[in-house]
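Me: I have a model open and would like to go through it with you. Could we take it one question at a time?

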Amino acid sequence: MIPPPHAPAFLAAHGWGTAQILPLAGDASFRRYFRVVDGERQAVLMDAPPPHEDPRPFIAVAEWLCASGLNAPTILARDLEQGLLLIEDFGDVRLRETVDEAPHAETDYYAGVTDLLVHLHARPPMDGLPVHGLEQWLDEVMLFSDWYCPALGIDVDRDAFRAAWEKVLAPVERDGLPRVTVLRDYHAENIMLVPGKDGIAHYGLLDFQDALVGHPAYDLASVLEDARRDVSPAVEAAMLARYQTATGQDIENAYWALAAQRNTRILGVFVRLWKRDNKPHYKSFQPRMWGLLERDLAHPALVPVRQWFDANVPASKRAEAWT
C-alpha cells in the first residue's frame, strides 16, 4: 500500500500538494485506495492503474447515480492516463461493522438498503451498460465447474451442469419484469453510512464500476445473501417481502434462482482468487457461501440444480472441505 510515484504531483496540481497520503484499502482487483488528509479536509485517492483498470466506468456510474438521487462519491479530480481519481470521502462508518455492533438495528438498516433499490429500480436503467442476462448468468456459474471442482478434485460433466442451470434461469430471463441498473457488488462492505444525510442518502455507495443492466432481484440477493456477513433469515424474508410490496412485483422465484447463481459463481471466484491471484484468505469465506447456497438449493425453483449438486458434489467437498 505504497502510493504510486505520480500521486503527489497529481494532488499538487489539484490543490492538495501539502496533503498526507495514508493507506486505506485494497480490493480483489488491481485498484487501491488511499486517504488524503490536508488539515481538516480529506478525500480518497483511487489508484486504478492502466492497463489493468479503467476509472471511466466508475466516473460514469457515479455521476449517473448522483443524478438519480443516490449518494455516490463526487469526483473531485481525475487523471485518466495515469488512472488516478480524487473522490469524496464518506468517512469510516460502514454498514458491515455498524450492524455487527448493533444487531438489534439490523432490520432498520436493511430496510434502508432495500428502499434504496426500490428507488433505483423505479428509474430507467443507465444507458450504455452491458446486459446481464441468461447467457451471462450461465457463463458465470461455469466458474464453479472450471475452478472450484478441479481444485477439490471433482470430475464433473460441465454440459450437464450448464443444462441444469439453464432450466432454472431461463424462466427468470422470460419473466417480463423491467430490467434495471444492477450495481453487482451491492453488499454491507460497499455501503457507507454518511453522517448528516437522511433517508436513502444516508447510504453511501462504493464499488459500482461493474454496473450492468439486469434483473431487479440480483442486487437484493447480493445484499441479503452477503458473502462477508450473516444476514438473519428473518430479515432476509422481511426485506424480500418489503421489496415486493413496494414495487408490486413478484420476484420470489427469481430471487432464489439468482441468489443461487451468484453464490455458485462466488464459490468459483474465491477459488480463482486463491489459486490464480495468490489470495488464500478468500478460502475463509467458503463455509458461509455453502451455507447460503444450501438454503437456496432447498427452494422448489432450484430442483434441477439441486439434483446436479447432490449427484456430483459430496458433503466432503462442500462446506466440510473448508472447516
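**A walk through the model**

Reply: Happy to! H187 touches S222, V223, D226, R228 and R262, leaving aside residues up to four places away in sequence, where contact means heavy atoms within 4.5 Å. This is a predicted model, in which local features need pLDDT of at least 70 and side-chain atom pairs count only at pLDDT 80 or more, while totals for chains, interfaces and linings use all residues. Residues are numbered from 1 along each chain as its sequence is written, and side-chain values use heavy atoms, with hydrogens and water left out.

Me: Is H187 buried or exposed?

Reply: H187 sits in the loop between β6 (180-182) and β7 (191-193); helices (H or I, at least four residues) and strands (E, at least two) are DSSP runs, numbered from the N terminus. Buried means under 20% relative accessible area, exposed over 50%, and partly exposed in between (1.4 Å probe, protein chains only). H187 has a relative accessible area of 6%, so this residue is buried.

Me: Which word describes how α5 and α9 lie to each other?

Reply: Helix α5 (residues 134-151) and helix α9 (residues 252-275) pack with their axes 7 Å apart, at an angle of about 45°. Axes are lines fitted to C-alpha atoms, for helices over the stretch in contact, and angles run from 0 to 180 degrees between N-to-C directions. Angles under 35 degrees count as roughly parallel, over 145 as roughly antiparallel, 65 to 115 as roughly perpendicular and the rest as oblique. The relation of α5 to α9 is therefore oblique.

Me: Where is the cis peptide bond from P50 to P51, and what is its omega?

Reply: P51 lies in the loop between β3 (41-47) and α2 (56-67). The bond from P50 to P51 is cis, with omega near 5°.

Me: What is the phi of D207?

Reply: D207 is in the loop between β8 (203-205) and β9 (212-214). At 17% relative accessibility, D207 counts as buried. Its phi is positive, in a residue other than glycine, and near 60°.
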